[in-house]
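Student: Could you show me how to read a few features of a protein model, one after another?
Tutor: Gladly; let us look at the structure together and begin with a sheet.

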Amino acid sequence: MNPNPFLTQNRRAFLQKTGFGFGSAAFASLMNQDAAAATDQPLAKLGLHHAPKAKRVIYIHLVGAPSHLDLFDFKPELQKRTGQLCPDEFFDLNQLAFIRKQPNLLGTPKDERFAFKKCGKSGTEISNLLPNLQGVADEMCFIKTLHTEQFNHAPAQMFALTGFERFGRPSIGSWASYGLGSENQNLPGFVVLITGQVLGAGNSAFGSGFLPTIHQGVEFRSKGDPVLYLSNPDGVSHGERRVVVDAVKDLNQVALDDVGDPEIATRINQYEMAYRMQTSVPELMDIKSEPKRIHEMYGTKPGQSSFANNCLLARRLVERGVRFVQLFDQGWDHHGGVFDNLPKKARQVDQPIAALIKDLRERGLLEDTLIVWNAEFGRTPMAQGTSGDGSTQSKAGRDHHKEAYSVWMAGGGTKPGHVFGETDELGYGIAKDPVHVHDFNATILHLLGIDHERLTFRYQGRQFRLTDVHGKVVKGVLA
Amino acid sequence: MLIRRVIASLLILPWMALQAEGDAPDFNREIRPILAENCFHCHGPDEKSREGGLRLDTFKGATEGGEFADPVVPGKPDESELIARIYSKDPEELMPPPDAKRTLTEKEKKLLERWIASGAKYEEHWAWVSPVRASVPGNKPVDTFILRRLEQEGLKFSKPATSGNLLRRLSLDLIGLPPSPDDFERFSNGGDYEAEVDRLLASPRFGERWARHWLDLARYADSNGFQADQLRPSWAYRDWVIDALNSNMPYDQFTIEQLAGDLLPKSDLRQKIATGFHRTVTCNVEAGVSPEGNRMNQVFDRVNTTATVWLGVTLECAQCHDHKFDPFTMKDYYSLFAYFNNTPIEVQPPSNKNDVSHDFVGPYLDLPLSPEQQRKADQLDEMIADLTREREKLNEGSESEFVAWQESALASLTSQPKWQAMKVTAFQSSGGDEHRVLKNGSVLLTGKVPDTATYTVEVETELRDITGFRLETLPHPDLPGKGPGRGDAVRPNFVLHEFRAALKEGGKERPIALQKAEADFSQKNWGVAGAIDGKAKTGWAISPQFGRPHQATFELVEPILNASGSKFVFQLLQNFGKGRVIGNVRISAISDPSGAGSLPPGIVAILKKSEGKRNAKQVENLRSHFLNSDPKLVRLEAQLARLKKERSDLKVDQTLVMVELEKPRKTHILKRGNFLAPDVEVTPGTPTRLPKLENSSNRLDLAKWLVRRDNPLTARVAVNRWWAELFGNGIVATLEDFGTQSEPPTHPELLDWLAVELMESGWDMKHVLKTIVMSQTYGQSSRLTPELLEKDPRNLLFARAPRFRMDAERLRDNALTISGLLSTKMHGKPIMPYQPNGLWRQTGRNEPKWVEQKDENRWRRGIYIVYRRAAPYPSMVNFDAPDRSSCTVQRPRTNTPIQALTMLNDPAYVEMALALADRILTESKAPNERVNYAFGLTLGRSATPREMKIIEELVRSRGEYYRGNQNKLNAVLKSPKFFYNPKHENKIELATWFQVANALLNLDEVMTRN
């Protein structure tokens, strides 16, 4: 038995955290097995709650929240009524972040550039702003009725990603890592790639909360050291490093022989792994070795820091057994000039995401890799930016909208070429099949073979889980 | 396989074994956990979710039974419905129901049966009952309780730790730093242990070490958290904690001042600073946030943190519903909430509309100037006084010159030269508009209004010896709103970004330098100087004085001394957009070598008045105009202005504090915790299950109640945390939870003894710590024998001392001390040592910036490093430091490859390795003693033969390498990341020992408190 060192946290701390009687320990309770069977092995090695459809996740979070109405959820009626004052209840009942007086409706422009097209065999409607994604529509499974409880960025990001609007809870990637571990001895189970600034929720968006910190998302950076402190001190070569690491190992072995604390054995292993990471991580991050065809497909340029590069890195990470890769892309918060800014952002992500789907498909990885497109909320069908005379300003935008927004998944056991749920004719509320954030998270865990009600961690005297006491798996999106 | 065996053995620890069949099970230890875990969710204290009217958390409820006849019949399991249900094969009948996804093990079912058979006795949860001191024989209470239990399990104390090991442990535990070589020397030569304990408890380093522990609880950080995560001043509170711990402030006072220092009668400055404890909460200033929603979240945090820190209970559940397991209701929760509901709102929508964040408006307290600031202030005040005197002297001496100047200026006025309009010979506008030259010599622009335009005006004049130009912008009836701009009739403004002049000579254009731009009127922030500063963004505009003529004059740096006429080319750049261009323009020239003509119109007007008719203000203006032409005075004035600014920049520092509103807010129970859904009103009060607090109204009452002698929790919770700091485990393992779901104490009598001792010693923290560290239990060896690993892998019985990896701050402080770099400078603004570039830039906005300190500040203790929630100091995060966004009772303790990378490669630690190498080489001259010297510094012992051999081999191989590769020396020793400048001159030795020191700092034993 050679447990993944990334999961072998300090055993003392582990035992401390998981409780006195193992009957209540996380893995054992997950398993509903007798306490004696419990080890510090992740669920994946012990057997999941049910057969998983997805073995890994690439989770793309569009920070700031894209205008789903202009990308995925076309509303002809809204387009028709553009410029009309919105119905009273849209304004009276809604907590709006920025709009302070009753706004006008704002439809997608009647312009070929913004037109929607029925795509593929499924006929799913996708905006012309995303021509490449139009080409893989038959792989995508849309939820048009996701809704949340928070309408400010940071709390909504935490709510979407940790199931709780304030600080302190583990993120979905940490829960997945806690449940499944990493398949790669040399890489963490949960890796984060960021373009633009870090989002408002900060590290909490990929933090491990009260779970052991070993499950927190490790950011791989495109500038400087890909993992902080990966590089040797100035002037010290990898070969020279070996000599020092060997000396440390030998000296720690002396201590282990003397004191007998298994913790020292773990530390010796971790130093070995650190040394290996110094080779494996740069190798992973170096996309130069990818063929030209792949670079053209993704639109990647080696050495650059770009969303496209991160999509390609995501594939390289999951290929190497990383369980959960999370991409954050900043710059979608279009309160003003949405019809100028959205096309620019759409162009940045359209080609690489479509390439990622195709690339995974070609490699046979799409069927057990789940791709997720999500944001902290959607955007209003009402215009933000109404002039004094009541007309809509030419550079209008959309405010934060928590009542309904569109997200999609692909691969990993989701129903391809499918649309679940329906919003009302103005795209404000839900007409059919609402999906709450907790339902969405329950569904992701379900696809990974985990029952969201049974993936728990004991803290402060009670069992915590990602979905609090809520969440229903959305059966309608399962293949 | 080791792991599996260890864990399996844990589950059947002999001392945990159940009593023989037939004995009554222990309710608190064996029965309540089963009921709590499986039944209370639907049959517990929460009335709203109670099923069938049955509650099983009280004897009354279980025996009376709601809708059920006989859920529990004491003594008769066969007649008890509960037993029938847990064994039922019918899914409709089975308890817990299948959809609850909880199942009882056979063992648990048997236990419940035996419990009912033995009379179904309920006992109050131990933690709700006040602690009573058990009598102990002898004067070693800690050892007595520990040993009693060890003997029950057939174990005994381990042998004592070696003296070096013990002193290192004690020092790292009490002050967070390792002993110095002198300390080791003194102690190993028969030093007195108690004297060492007293020395360390009295050290100012003590407060810095224990503040780390407290500040995790207080979720202290230097930033707001959330979106922009801007810095805010709270460090005075951090310093207050350090000082309070150093002065051994009694824990009851420590509690009261932090929770309610502002409400104490005649509270002093320090007591107000202490209330920073509850101003450390996160604050969302994200645009669009609801200020009231933000306030509510902050109050929730204050309630939850208070409950966790003092009561050791998790109240959070009762925010939305009655607690499922513990006897706390929503009413209890919001009654506690009411104490904290009376502080002002902390964010409001931005005062400046262009701001992307809300304003942070919570109460600040001004601090007095620090001694350092005070010294600086005194110095500045003195310099300002000196310069002021000097200026006065100059002014006095110049009185006669002033009179003379007035006379000559007045004389020149009478013969003042006149501006002469120049003849326009060509005009071109890049905007493509049309123009015509008017009789008055001006150019009127007509036709299409361009967004932006550059006018090129060619003129000629017969004037000689030209010293200045004048640009006039004139109104005209054809212009919208009469002009002078062309853009729109309401705001006919213009923006002249640049005014350029050139002399045309023999077909060439020679640029003319202009200075002293003055205008009759300039719009705010659009001064005319901006038109000749060469900057594209500045310029001259005239809003709101539309519809009237304006003029700007420019002096030539070098007058054009010519015999006959000249030709000039002017360029007027107007790039603002929206037609903010001049509609009617005229350019004139002047010849005025005396300079009188360049007097501003205001000064001219004063000069023209007779002396008697000038008022005081006018005389002053005249004098200052005169003085400003004296270069010496101008220099003096500039110097004075600079000093005055520096003095006014020496602002007092501020810190965040609690302030109570004069009129308390009403508090309501909030449905589902939603502040938009208030339910019934409640008044301040403490949880009903705990000792009653009569007639309380504010935080001060609450704080005093927390430290009342009959409060069963506060003292226990505190001593348990301190115990865990010293032993790695609490006596109650769940430090953050003493509720019914918590782990029972391993040594309940010891816990209570310590709790009572704390209270009866006058809440003396240092006394309790001393009592613990003076024990034999504390002084044992930490060696792990196979027997101990088998019998007690978690060290719950304390048959050995624990060994564990130190927390992030202690790792840093330890390495800094060993390397000799540590700065013991205390207090003040947070520090910024080395961290990799760009981490903060990514976090949001351009401010704040990480400015690495290249002075002793970079080597100060970890407690002083700036704590920014979105991006805490990364090397500490890697060692499990929290982001301080919420209360952390116990940091996890992981062992990861990222930690190995940090210790090996973080340039901050690498610099320490360099300094350590230098220290070894300079302090230990004899090469054959260096290895032992190095071990003495890092571990307080000499190397074992095996260790010696490994290090000697490393020294040999590295020495050989660097002797053969001397070209590599500078790359290693002269890294730009180093600020430390080594003293040892032999570079080969230095590089060799640098590698050795790097290895030493990475030893498990160096990172471990053992």
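Tutor: In chain B, five strands make up an open sheet with the order E5-E8-E14-E10-E11, and their pairing is antiparallel. Strands here are DSSP runs of E with at least two residues, helices are runs of H or I with at least four, and both are numbered from the N terminus. This is a predicted model, in which local features need pLDDT of at least 70 and side-chain atom pairs count only at pLDDT 80 or more, whereas totals for chains, interfaces and linings use all residues. Residues are numbered from 1 along each chain as its sequence is written, while chains are lettered from A and ligands numbered from 1 in the order in which they are written.

Student: Which strands stand at the edges of the sheet?
Tutor: Strand E5 (423–429) and strand E11 (508–512) of chain B do, each having a single partner strand, so one side of each lacks a neighbour in the sheet. From one strand to the next, the twist averages 25°.

Student: Over how many bridges do E5(B) and E8(B) pair?
Tutor: Two strands pair if DSSP finds at least two bridges between them. E5(B) and strand E8 (residues 453–461) of chain B are joined in the antiparallel sense over six bridges, and Lys423(B) has Glu460(B) in E8(B) as its bridge partner.

Student: How are two packed helices described?
Tutor: They are described by the angle between their axes and the distance between the axes. Axes are lines fitted to C-alpha atoms, for helices over the stretch in contact, and angles run from 0 to 180 degrees between N-to-C directions. The axes of helix H15 (residues 291–311) and helix H16 (residues 330–340) of chain B come within 9 Å and cross at roughly 110°. H15(B) is therefore roughly perpendicular to H16(B), given that angles under 35 degrees count as roughly parallel, over 145 as roughly antiparallel, 65 to 115 as roughly perpendicular and the rest as oblique.

Student: Which residues meet between H15(B) and H16(B)?
Tutor: Val299(B), Arg302(B) and Val303(B) in H15(B) meet Leu336(B), Phe337(B) and Phe340(B) in H16(B), where contact means that C-beta atoms, placed from the backbone, lie within 7 Å.

Student: At what angle do the axes of H30(B) and H34(B) cross?
Tutor: The axes of helix H30 (residues 907–923) and helix H34 (residues 987–1001) of chain B cross at roughly 120° and come within 8 Å, and these helices are therefore oblique to each other.

Key: Two residues are in contact if their C-beta atoms, placed from the backbone, lie within 7 Å.
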